[in-house]
Structure formats: C-alpha cells, structure tokens
Amino acid sequence: MEFPKSPDGGWGWVIVAVSFFTQFLCYGSPLAVGVLYIEWLDAFGEGKGKTAWVGSLASGVGLLASLGCGLLYTATVTITCQYFDSRRGLALGLISTGSSVGLFIYAALQRMLIEFYGLDGCLLIVGALALNILACGSLMRPLQSPACPFPEKIAPENVLERYSTYSEKEKSLEENLNIVDKGYSTEDKCTNTLPNGDWARDNPQNPTAAAHKKKVVEQTYFCKQLAKRKWQSYRNYCGETVSLFKNKVFAALFIAILLFDIGGFPPSLLMEDVARSSNVREEDLTMPLISIIGIMTAVGKLLLGIMADFKWVNTLYLYVATLIITGLALCAIPLAKSYITLAILSGILGFLTGNWSIFPYVTTKTVGIDKLAHAYGILMFFAGLGNSLGPPIVGWFYDWTQTYDIAFYFSGFCVLLGGFILLLAALPCWDVCNRKLPKPAPTAFFYKVASNV
C-alpha cells in the first residue's frame with residue numbers, strides 16, 4: 001500500500017495531542033503498578049514472584065486491559081508515523097511522553113485514592129478515567145490519499161449482490177452461465193435437502209425452481225470466492241512475516257526488544273520494594289522512586305525523539321547505546337544501598353527507558369512505512385511477553401535468594417545481550433560481505449603452434 005506524502009503538521013498535531021492523552025490514560029496506571037504491588041504483597045501475603053504476575057500481566061499480555069493497551073499503543077504510533085516524516089522523531093517523542101507523565105501522576109494519584117477509598121475503590125476510579133480514551137479515538141482520522149477514497153459502506157442485505165457483481169465482471173457472460181449450468185447439475189444431487197425438492201426435480205423448467213437453483217449457485221460461488229480471498233490473505237500475511245524475519249536487523253530487533261523488556265521493565269514495578277528491602281526508611285523517600293522514573297522517562301523520550309530528527313544521528317546506533325547503558329545501570333542496582341544512589345539510578349534508568357520514543361523510528365527505518373503496522377505489531381507482542389515474564393523472574397530470584405542482587409545482575413545481562421546482538425546485526429561490514437563482487441573478465445589464453453622444424 002502506498003501512503004500519500006506526510007503533511008508534517010496540520011491535523012497531525014491534533015493526532016499528536018489525542019495520542020498523548022491516549023497513552024496517558026492507557027499506560028499511566030499500568031506503569032505505576034509498583035505502588036499497587038506493595039499493597040498486593042500485604043493483601044495476599046504471597047511470595048514476590050507470584051505477586052509480581054499481577055503487575056506484569058497488567059502491563060504485558062494475557063489480560064483484557066493489556067490487550068486493549070497493546071492495540072491502542074500500536075494505533076497511536078502507526079497513525080503518527082503516517083502524519084509525520086521530517087518531524088517524526090519529535091512527534092513520537094511527544095506522544096510517548098504521555099505514558100511517562102501518566103506514570104508520574106498516577107503514582108501519586110493511586111496512593112491518594114488507596115488512602116481514601118481502599119484498593120478496590122482505587123481500581124474502579126482508574127478504570128472510569130480510562131473511558132475518556134473513547135473521546136480521543138473519535139478524533140483520529142486515518143491519512144487517506146485523495147485518489148483512494150474511503151470504501152463505501154454496504155448494507156448487509158446487499159453484500160451478496162456486491163460480491164456477485166464483482167465476480168461477474170471478472171468473467172464473461174458465457175463463463176458465468178456455464179458456472180450456473182454446472183451448479184444445476186450439482187444441485188440436482190442435493191435437492192432432497194431443499195424444500196419441495198421432489199417437486200423441483202420433477203419440474204426442472206419451473207421458473208421458481210430455476211430462480212431458487214440460481215440463487216443457491218450464486219451463494220455457493222460467493223462463498224468459494226470469499227474463502228479463496230481469505231486464504232490468499234492469510235498466505236500473504238505469512239509470507240510477509242517470513243520476509244520480515246529474513247531481514248537480519250529486524251530479527252535482531254525482535255530479540256533485543258524481548259530481552260530488554262524481560263530485564264528493563266522490573267525496576268518500574270519493583271523499585272519501591274527494592275528500597276524497602278535495602279532498609280531505606282519511608283521518611284527518607286523525598287520523592288517516590290517510581291515518580292523519578294516517570295519524570296526522567298518523559299525527559300528521555302522527548303530529548304531522544306528530538307535527537308532522532310538530526311540527519312547526522314544514526315537512530316539504530318543510538319537505540320543500541322541506550323540498551324547497553326541500561327544493562328550497566330541495572331547491574332549497578334545491587335551496589336546501591338541508600339536513597340540517593342537508588343534515586344540516581346532510577347533517574348538514569350528512566351531517561352534511558354525513553355528509548356521507546358525512537359523505537360518506532362528505528363522500526364520504520366528498518367522495514368519501511370508500508371510494513372510498519374505489521375512489523376510493529378509483531379514486536380509489541382514480544383515486548384508484552386517480556387513485560388509479563390520479567391517481574392516474576394526477578395521476584396522468584398528474590399524468593400530463592402532473599403535478595404535482589406542476582407535478580408538485577410540477570411536483568412542487566414539480558415539487556416546487554418540484546419544490545420550487543422542488535423549491534424552485531426547493524427554493523428556495516430555485513431553489507432560489504434553481502435555485496436556481490438563483479439565477475440572477473442575471462443582470461444584470454446594464446447597458444448602458439450609449435451613448429452615442425
């Protein structure tokens with residue numbers, strides 16, 4: 001599919017605004033689930049690994065709410081990329097800060113709601129606030145080329161005629177009549193299942209019977225054509241998916257995002273409990289660590305998004321750099337034993353987590369705008385899978401060792417591994433190796449006939 005030229009403005013700024021509020025309302029509470037995690041530990045009295053499943057599923061895959069969040073995120077990113085080209089990094093940075101601002105506000109809001117209304121009342125109010133996403137969605141207009149207007153809506157009773165007419169245009173009149181004649185012979189074998197089947201078989205020239213048979217043949221032909229089209233669409237989708245994974249950078253991106261979410265997501269869920277496990281007193285918590293993560297994530301998304309618009313910046317290498325530094329910061333968490341060091345690391349991790357603003361940019365540069373929705377949907381599925389697996393794994397490490405040290409070493413290793421895999425796949429030397437060398441010119445051999453003398 002060819003998209004018209006991106007307007008880089010106009011209604012696109014309305015898209016940016018409503019996408020910002022969509023991510024604010026959709027992801028604010030799930031990302032601030034660390035506040036609820038402490039309440040769930042006290043309420044259920046279960047281990048940290050088992051309790052972490054609640055928060056990880058709320059931000060990953062498997063629940064109705066997370067399914068809706070995944071659909072909304074992909075929709076906001078895809079439509080923003082369609083409306084912006086030269087300012088794409090800035091636009092993506094602006095909309096992605098919505099989730100970070102939501103994290104900062106919902107972290108304090110949920111604490112206040114729990115104090116006044118309890119855990120159940122807090123969840124009910126948060127769910128009611130999320131209904132405002134419907135108003136945001138009503139303002140999202142897909143970018144459509146003037147040469148390709150929106151398809152006309154068809155009444156249900158006219159669907160059969162529409163498809164039958166379309167099919168008849170593909171074939172000549174004689175070919176369609178032959179199909180109907182073949183349908184007569186086929187239907188003669190099945191008339192005993194139709195109303196008045198015996199009467200219709202005895203009176204083949206009856207107009208009502210002929211019209212009924214023709215209608216059945218048309219329905220059968222319509223169903224066959226529809227099944228063929230659906231099967232072809234399925235085959236095309238599978239073929240496009242295979243072609244995406246043949247791209248070594250996309251395959252490495254898929255591995256990197258999975259490992260990044262396994263290792264990089266647990267701090268936003270568990271950092272409050274990390275502080276409590278490190279014997280940090282509540283009166284020392286000048287600002288909740290999760291709020292620091294939220295503020296710095298918003299800053300990181302905006303600044304990294306702006307950097308992506310500079311022509312001299314390679315967004316793929318910039319994304320790799322954020323992964324590697326994130327892995328090192330995660331490995332440093334076990335060394336932090338005070339609120340100040342935990343706050344500094346939370347700020348660093350929050351800023352680097354802002355690489356979500358350039359991730360759609362990297363994906364677009366890797367596969368192209370026409371395959372963005374398909375590729376991004378695949379990547380987001382595995383990102384959600386990583387979100388679901390990361391916190392329980394870290395929680396199980398704590399239940400096993402009664403410390404978060406090994407857990408965060410594991411998280412850092414996962415992110416570092418993903419970063420180096422993506423770096424190796426992105427090295428320019430592969431293009432040189434894959435470039436076909438010109439065939440050497442055939443060597444000319446000159447033979448001198450030996451003299452008999």
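F381 is partly exposed at a relative accessible area of 47%, where partly exposed covers the range between buried (under 20%) and exposed (over 50%), with a 1.4 Å probe and protein chains only. The model is predicted, so local features need pLDDT of at least 70 and side-chain atom pairs pLDDT 80 or more, while totals for chains, interfaces and linings use all residues. Residues are numbered from 1 along each chain as its sequence is written, and side-chain values use heavy atoms, without hydrogens and water.

**Aromatic residues**
- F382 has 22% relative accessibility and therefore counts as partly exposed.
- The structure holds 17 aromatic pairs (ring centres of Phe, Tyr or Trp, the latter by its six-membered ring, within 6.5 Å; planes under 30 degrees apart are stacked, over 60 edge-to-face, the rest tilted).
- F24 and Y106 form a tilted pair, 5.8 Å centre to centre with 55° between the planes.
- Because F24 lies in helix α1 (residues 11-31) and Y106 in helix α5 (residues 88-130), this pair ties together parts 82 residues apart in sequence; helices are DSSP runs of H or I of at least four residues, numbered from the N terminus.
- F24 and Y106 are both buried.
- The F381 and F382 ring centres are 5.1 Å apart with planes at 85°, so the pair is edge-to-face.
- One aromatic cluster is formed by F245, F250, F254, F381 and F382.

**S346**
- S346 is found in helix α15 (residues 339-353).
- With 0% relative accessibility, S346 counts as buried.
- Leaving out residues up to four places away in sequence, S346 touches M271, L289, I292 and I293 (heavy atoms within 4.5 Å).

Conventions: Helices (H or I, at least four residues) and strands (E, at least two) are DSSP runs, numbered from the N terminus.
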